[in-house]
Amino acid sequence: MDPPQPPKAATTTTTAAAATTTGSTTFLSHLISVDTTLSKYLHSTLEPFLPHFLLFLLELSADFRLFFPISLSLLLAPNSSTSLFLLRRPFLSSLLLGLLLDLGLIALIKLLFRRSRPVYNKNMIAAVSVDHYSFPSGHASRVFFVASIAYFFADDEANLLNLVVWLWAVLTSLSRVFLGRHFVFDVFAGASLGVLEALFAFRFLRFYL
């Protein structure tokens, strides 16, 4: 007696699912390949012509180990009556809690994806183990979070300040690729996450400190 054959509908469904999975894997592999190639091209082409001092200064300016203590000091300082929104308690409380949220989310995502940094990444000292992973960029998420939260809190007189902060965020994010610290998609994902974090912090975290 011949063995029973699987129903045709089930076979078709299984084949379609396998084809979808294969297609998704192929697309992801292609995306990573393009990302890797573009990132290496930008690094190798532009990095030799850019001032290394400026690139490292941008890197330092967005380092959590520097940025968080300064922000905390401003929050604890007696500046409640100031007219500058950057020194007001609602902004500083959103900034501090948002920075902590960003730190946790970046670490979690890096542990989940574990994407290695570019092989040409040189002279970087990892503060913690997750810093060995590349996706997403913590610097990009941090600077875009700061630029976005500043934009949400800014008044009409702060247009020039907002422009400077956004310029700093864009240049710092680009410098991650130019220095060879990250791939382009790492930076794009980090920047997108930073904007979403700022929306959340502005809506929910401004009065918690």
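**View 1. Salt bridge between E59 and R176.** The side chains of E59 and R176 form a salt bridge, with an N to O distance of 2.8 Å. E59 belongs to helix α2 (residues 52-61) and R176 to helix α6 (residues 159-178), so the contact ties together parts that lie 117 residues apart in sequence. E59 is buried, its relative accessible area being 14%. R176 likewise counts as buried, at 2% relative accessibility. The structure shown is a predicted model.

**View 2. Salt bridge between E59 and R181.** The side chain of E59 also meets that of R181 in a salt bridge, at 2.7 Å from N to O. This pair links distant parts of the chain: E59 sits in helix α2, whereas R181 sits in the loop between α6 and α7 (184-204), 122 residues apart. Both E59 and R181 are buried.

**View 3. Salt bridge between R115 and D186.** The side chains of R115 and D186 are joined by a salt bridge of 3.0 Å, N to O. R115 is located in the loop between α4 (89-113) and α5 (138-153), and D186 in helix α7; the pair thus links distant parts of the chain, 71 residues apart. R115 is buried, with a relative accessible area of 17%, and D186 is buried at 0%.

**View 4. Network of D35, R115 and D186.** Salt bridges with shared partners join D35, R115 and D186 into one network. The count for the model comes to six salt bridges, among them the pair R115 and D186.

Terms used:
Residues numbered from 1 in each chain as written. Predicted model: local features only at pLDDT ≥ 70, side-chain atom pairs only at ≥ 80, totals over all residues. Heavy atoms only, no water. Salt bridge = Lys/Arg side-chain N within 4 Å of Asp/Glu carboxyl O. Helix = DSSP H or I, 4+ residues; strand = E, 2+ residues; numbered from the N terminus. Buried < 20%, exposed > 50% of the residue type's maximum accessible area, 1.4 Å probe, protein only.
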